[in-house]
Amino acid sequence: MTDDVLDYARPGPFTCLDAAQLPLIAGLPDDPVGICAVVQGLVIQPTDAVASGIGEHRTAEKNIRRVDELVTVLNGLDPAPLHLPRTPEKRVVGTCRHFATMACAFLRARGVTARARCGFATYFVKEQGLDHWITEYWDTDRARWVRIDSEILGTQLVDDPQDLAPGEFLTGGEAWTRYREGLIDPATFGVAGTDHAWGWAEISGNAVRDLASLCKYETLPWDEWGRMTEAYDDKTGPEYDQLIDTVAAACAQDNPSALTSLFAHEDLAVPQRIVG
């Protein structure tokens, strides 16, 4: 992997669109927030899908990684351009990761520098960090990354979901660093609706997933590789903690050379079985 792979204005393996699909996004708004807002009408969470009467057989759509495949599903449900409002049954069933990654793909298709981030939202449940994905894009005028949560645009969960405030969303690496510094209780960080995916191991897992996303491999939230499973089983030791320290530092520094070099580590690189 080379540094030029980290051109976030260009699609990666999971955020590419087929040439034949580009007309479907021709009507998207020109501004990043508008593009992200459209995604809100294209994806539906599994629980909301069931509540809307969508058959459980469609729940498997949440396992789709590639955005071009998600768009194929959407086009099969309704061939209308993707900027047009859709009723729930004509949306693809996915998770927060799908909201974030689809928004990232559409932004990149428009040449906007953007990336999906894996971590934890602190705004769903008080005093908890829940597993979550968001999108961020580079604002040239303000010379900074802007974090936006496409899934909650238009809600009152935070003051400004189109520009999340510091601490409202923590990447896996940011949460790991706070855990190592004793600033958060790791037991309050995890995956809603599960009993096992909580604590330091979930934080370390999201740190690795966020590294992969920064290297343009936006995996599924439940994808495991390297030593993730060992960590969940509490079978790693201090040397693995130190490796995650390095991951967190590299993601915070946002240095392409450090990111791509680290991503080549045997415990961190996304395996071919996931890349497909």
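Author: Start with contact, which means heavy atoms within 4.5 Å. Helices (H or I, at least four residues) and strands (E, at least two) are DSSP runs, numbered from the N terminus. The model is predicted: local features need pLDDT of at least 70, side-chain atom pairs count only at pLDDT 80 or more, and totals for chains, interfaces and linings use all residues. Residues are numbered from 1 along each chain as its sequence is written, and side-chain values use heavy atoms, with hydrogens and water left out.

Now look at helix H1, residues 32–39, and helix H4, residues 96–109. From H1 come Pro32, Ile35, Cys36 and Val39. They meet Phe99, Met102, Ala103, Phe106 and Leu107 of H4. Sort these residues by class, and the contact of H1 with H4 has 9 nonpolar, no polar and no charged residues. (Ala, Val, Leu, Ile, Met, Phe, Trp, Tyr, Cys and Pro count as nonpolar, Asp, Glu, Lys and Arg as charged, and the others, Gly among them, as polar.) Look at the spacing of the numbers too. An α-helix has 3.6 residues a turn, so residues three or four places apart point the same way.

Next comes the geometry. The axes of H1 and H4 are 9 Å apart, and the helices pack at an angle of about 135°. (Axes are lines fitted to C-alpha atoms, for helices over the stretch in contact, and angles run from 0 to 180 degrees between N-to-C directions.) H1 and H4 are therefore oblique to each other. (Angles under 35 degrees count as roughly parallel, over 145 as roughly antiparallel, 65 to 115 as roughly perpendicular and the rest as oblique.) Their crossing is right-handed. (That is the clockwise case; a crossing is left-handed if the near helix is turned anticlockwise from the far one by less than a right angle.)

How enclosed is H1? Of its 8 residues, 6 are buried, so H1 is largely enclosed by the rest of the structure. (Buried means under 20% relative accessible area, exposed over 50%, partly exposed in between, with a 1.4 Å probe and protein chains only.) The buried ones are Val33, Gly34, Ile35, Cys36, Val38 and Val39. They pack against strand E1 (43–44), H4, E4 and E5.

Before H1 lies a segment that holds Ala20. At 69% relative accessibility, Ala20 counts as exposed. Ala20 and Arg273 are 253 residues apart along the chain, and their C-alpha atoms are separated by 27 Å.

H4 has another partner. Helix H3 (residues 67–77) packs on H4 at about 100°, with the axes 10 Å apart. That makes H3 roughly perpendicular to H4. Val67, Leu70, Val71 and Leu74 of H3 meet His98, Thr101, Met102, Ala105 and Phe106 of H4. By class, this contact divides into 7 nonpolar, 2 polar and no charged residues.

Follow the chain on from H4. Thr113 sits in the loop between H4 and strand E3. Its relative accessibility is 28%, and Thr113 therefore counts as partly exposed. Leave aside neighbours within four places in sequence: Thr113 is in contact with Tyr8, Ala9, Glu136, Tyr137, Trp138 and Trp145. Val92 is 21 residues from Thr113 along the chain, and their C-alpha atoms are separated by 25 Å.

Then come the strands. E3 covers 114–121 and E4 covers 129–139, and Glu127 is in the loop between them. Glu127 is not a glycine, yet it has a positive phi of about 65°. With a relative accessible area of 68%, Glu127 is exposed. The loop between E4 and E5 (144–148) holds Ala143. Ala143 also has a positive phi, near 50°, and is a residue other than glycine. Its relative accessibility of 51% makes Ala143 exposed.

Now compare a contact elsewhere, between helix H5 (residues 172–180) and helix H8 (residues 238–253). Their axes come within 9 Å and cross at roughly 125°. H5 and H8 are therefore oblique, and their crossing is left-handed. Gly173, Trp176, Thr177 and Arg180 in H5 meet Asp241, Gln242, Ile244, Asp245 and Ala248 in H8. This contact has 3 nonpolar, 3 polar and 3 charged residues, while the contact of H1 with H4 has no charged residues.
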